[in-house]
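Subject: Structure for you to look at

Hi,

Here is the structure I promised to pass on. Have a look at it first, and then read my notes below.

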Amino acid sequence: MIAKRLKELAVIPVVTIRNDADAGLLGDALVQGGLPCAEITLRTDAALGAIRILARNKDILVGAGTVLSIEQAETAKEAGAEFLVTPGLNPKVVQWSLDHNIPIYPGISTASEIEMALDFGLTQVKFFPAEAFGGAKTIKALSKPYHMMEFIPTGGISLDNLGQYLAIPQVLACGGSWMVEPDWIQDHHYHRVIVETRKAVQAIMEIRGKTDHP
Ligand code: 3PG
């Protein structure tokens, strides 16, 4: 189950890739770093090709982000995306995903949007843009009336504030791009990806009081 895996991983690297040929080595770096997962944002022409490449690596959980239309959802699924993430809650895209049996985490930032998600039977959503919309404090406040919800805060998260989010029981996982800077990927500085990913994994283990990370 995708959500269970995301919860185990705790952090979803949000990747914007400019050249799909870089996807294989990026995937290897994420595996080496200890976060074998990538949300590839559909913001570049290289995104679908990158999803196709990563989907061949069965060690990696690959999803598509910035999905703004049914057409994008369709092509991302065809390319091998195992889950979809959207910045907002687009009812058409959500319905298409439910009809086609692909997990979707639509972006919400208000109580009313949570209720729209609940109307679709969704209890797991992205909280976006997390830091700009009040961060951990807002999630705690929203979790009171909506105790059935789980959130994937994304936007402005880094090693500095990761702990605040992961300490909240209703946080399923955090999304972030800080360990996969687009320039590092373009310039093939995969060692930086590995180092920053390992730091994230170390932080997750410390926050969770564990000595290993699945
Ligand atoms: C994005 O908009 O690219 C994602 O939400 C990630 O945000 P971040 O770059 O602040 O981690």
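How many nonpolar, polar and charged residues does the shell around the ligand have? By class, there are 1 nonpolar, 5 polar and 1 charged. Please keep in mind that this is a predicted model.

Around it you will find R43, F128, T154, G155, G156, G176 and S177. On its own the ligand has 310 Å² of accessible area, and the protein covers 76% of that.

F128, one of the residues around the ligand, also has a charge over its ring: the charged end of K126 sits there, 4.5 Å from the ring centre.

Next, the aromatic rings. Searching the whole structure turns up 1 aromatic pair. The partners are F83 and Y105, with ring centres 6.2 Å apart and planes at 65 degrees; planes over 60 degrees apart count as edge-to-face, so this pair is edge-to-face. F83 lies in the loop between α4 (70–79) and β4 (84–86), while Y105 is in strand β5 (residues 104–108), so the pair ties together parts 22 residues apart in sequence. Both residues, F83 and Y105, are buried.

D160, by contrast, is exposed, with a relative accessible area of 73%. You will find D160 in the loop between β7 (150–153) and α8 (162–166). Its C-alpha atom is separated by 9.7 Å from that of A203, 43 residues apart along the chain.

Best wishes

Note on methods. Residues are numbered from 1 along each chain as its sequence is written. This is a predicted model: local features need pLDDT of at least 70, side-chain atom pairs count only at pLDDT 80 or more; totals for chains, interfaces and linings use all residues. Side-chain values use heavy atoms; hydrogens and water are left out. Rings of Phe, Tyr and Trp (its six-membered ring) pair if their centres lie within 6.5 Å; planes under 30 degrees apart count as stacked, over 60 as edge-to-face and the rest as tilted. Helices (H or I, at least four residues) and strands (E, at least two) are DSSP runs, numbered from the N terminus. Buried means under 20% relative accessible area, exposed over 50%, partly exposed in between (1.4 Å probe, protein chains only). A charge sits over a ring if NZ of Lys or CZ of Arg is within 6 Å of the ring centre and within 35 degrees of the ring normal. A residue is near a molecule or strand if one of its heavy atoms lies within 4 Å of it. Accessible areas come from the Shrake-Rupley method with a 1.4 Å probe; for residues, only the protein chains shown count as cover. Ala, Val, Leu, Ile, Met, Phe, Trp, Tyr, Cys and Pro count as nonpolar, Asp, Glu, Lys and Arg as charged, and the others, Gly among them, as polar.
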